[in-house]
Amino acid sequence: MLNAEEQREIATELAHYPDKKAVCIDAMKIVQRRRGWVSDDALRDIAEFLEMSVDDLDGVATFYNLIFRKPVGRHVIKVCDSVSCWIMGYDRLREHLEVRLGIGLGETTPDQRFTLLPIVCLGACDHAPVLMVDDDLHRDLDAQKLDRILQGYK
Ligand code: FES
């Protein structure tokens, strides 16, 4: 069940739109911000609150890759997996991350510190290769710079 604060936050968003479905991404983000991810139960509760079908909401969640449908680590690394970053060293960066963290794409470190995910273009192609850790964008990356950045996330 959505708690009172989640319901209040979602209701605040609803005030800006004529259609309840229009806030479905925001509603999932609100729940995810508080719980870390959107479980099947949470998805069902959000769908009920917004008077939409669970399948429709799940479809949106699947399409929108910043909604996590499985538990994630304390920090989520989203590595840009699009053309400019490919050209500018995506493979080296991804391999460095996989070795450094001991996990592959889609996985979480055993200490729950990091989850590693691919993402489409982050809109900073002139600074490729690029990744995000949580909401922070990191640009012009190489292995050394990446190591320093990761130290900042405990
Ligand atoms: S391709 Fe990586 S930021 Fe655009």
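Predicted model: local features only at pLDDT ≥ 70, side-chain atom pairs only at ≥ 80, totals over all residues.
A search of the whole structure turns up 0 disulfides, taking a disulfide to be a pair of cysteine sulfur atoms within 2.5 Å. Such a link is, in general, a covalent bond between the sulfur atoms of two cysteines. Cys 24 is buried at 7% relative accessible area, and Cys 85 is buried too, at 3%. Here buried means under 20% relative accessible area, exposed means over 50%, and partly exposed covers what is in between, with a 1.4 Å probe and protein chains only. Residues are numbered from 1 along each chain as its sequence is written, and side-chain values use heavy atoms, leaving out hydrogens and water.

As for the overall layout, the protein chain holds 7 helices and 4 strands; these are DSSP runs numbered from the N terminus, H or I of at least four residues for helices and E of at least two for strands. Along the sequence they come in the pattern α-α-α-α-β-α-α-β-β-β-α. The C-alpha atoms fill a box of roughly 50 × 35 × 25 Å along the principal axes. Of the 154 residues, 40% are buried. Among contacts (heavy atoms within 4.5 Å) with a separation of 6 or more, 60% join residues 24 or more positions apart.

Then there is the inside. The largest nonpolar core has 21 residues, and the members touching the most others are Ile 77, Val 79, Leu 97, Leu 101, Phe 114, Leu 131 and Leu 150. A core of this kind is a set of buried Ala, Val, Leu, Ile, Met, Phe, Trp, Tyr and Cys residues joined through side-chain atoms within 4.5 Å. Two or more residues each come from strand 1 (75-80), helix 6 (90-101), strand 2 (114-119), strand 3 (131-133) and helix 7 (143-151), with helix 6 giving the largest share, 4 residues. Setting aside neighbours within four places in sequence, Ile 77 is in contact with residues including Leu 97, Leu 101, Phe 114, Leu 131 and Leu 150. Apart from this core lies another, of 19 residues, among them Ile 10, Leu 14, Ala 61 and Ile 67.

Helix 7 also carries Asp 147, which counts as buried at 18% relative accessibility. Beyond neighbours within four places in sequence, Asp 147 is in contact with His 96 and Arg 100.

Helix 3 (residues 40-49) buries Ala 42, Leu 43, Asp 45, Ile 46 and Ala 47. The cover over these buried residues includes helix 2 (24-35) and helix 4 (54-63). Just after helix 3 comes Glu 51, with a positive phi of about 55 degrees. Glu 51 sits in the loop between helix 3 and helix 4 and is exposed, at 61% relative accessibility.

A few more backbone details are worth a look. Most residues other than glycine have a negative phi, and most peptide bonds are trans. Asp 140 belongs to the loop between strand 4 (136-138) and helix 7, and is partly exposed at 37% relative accessible area. The peptide bond from Ala 128 to Pro 129 is cis, with omega near 0 degrees; Pro 129 lies in the loop between strand 2 and strand 3.
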